[in-house]
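This report describes the packing of selected helices and the surroundings of selected residues. The sequence and the structure are shown first.

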Amino acid sequence: MTTTIPQEVKADTVLRVLRGQTRARAAAHTLGVPEACVESWIRCYVHAGSRQLSGSRAVSPGPERALAQEQQLRSALDEALEDLAVLNDVLRLTARAQKPE
């Protein structure tokens, strides 16, 4: 049986992943969907946002260009998530160090 995920849940999930509040794999597990579904939602969200910002209503880029863009976005997102994880660790360590004993 296929579960239909409401649009609001998909959007919230995408935003939480993009903000670094969760990982795609964890979100997918929570929702009971394959990780590829969450990644697809992210791609759609980013692609639609990019089109909207450019004011373009043009046809989607060719497959090679789309794949290259997707890889660039994934790479940038991975880097941002890694940076966020490091910053969170630093904040936690700083908070512990400042905690009165």
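The buried residues of α2 pack against α1 and α3 (35-54). Helices here are DSSP runs of H or I with at least four residues, numbered from the N terminus. Buried means under 20% relative accessible area, exposed over 50%, and partly exposed in between, with a 1.4 Å probe and protein chains only. The model is predicted: local features need pLDDT of at least 70 and side-chain atom pairs count only at pLDDT 80 or more, whereas totals for chains, interfaces and linings use all residues. Residues are numbered from 1 along each chain as its sequence is written, and side-chain values use heavy atoms, with hydrogens and water left out.

**Helix α2 and its partners**

In helix α2 (residues 24-31), A24, A27 and A28 are the buried residues. Seen down the axis of α2, these residues fall within an arc of 100°, so they line one face of the helix; the arc is that of the directions from the helix axis to the C-beta atoms. R25, H29 and T30 are exposed on the other side of α2. Just after α2, G32 has a positive phi of about 75°.

Two packed helices are described by the angle between their axes and the distance between the axes. Axes are lines fitted to C-alpha atoms, for helices over the stretch in contact, and angles run from 0 to 180 degrees between N-to-C directions. For α2 and α3, the angle is about 115° and the axes lie 8 Å apart. Contact, meaning heavy atoms within 4.5 Å, joins A24, R25, A27, A28 and L31 of α2 to E35, V38, E39 and W41 of α3.

**Two individual residues**

T13 belongs to helix α1 (residues 7-18). The side chain of T13 reaches the backbone oxygen of V9 at 2.7 Å, as a polar contact (a pair of N or O atoms within 3.5 Å; within protein, one must be able to donate a hydrogen and the other to accept it, and residues adjacent in sequence count only if both atoms are side-chain atoms). Leaving aside neighbours within four places in sequence, T13 is in contact with A27, L31, V38 and W41.

| Residue | Relative accessible area | Class |
|---|---|---|
| T13 | 1% | buried |
| Q69 | 27% | partly exposed |

Q69 is located in helix α4 (residues 63-98).

Conventions. Helices (H or I, at least four residues) and strands (E, at least two) are DSSP runs, numbered from the N terminus.
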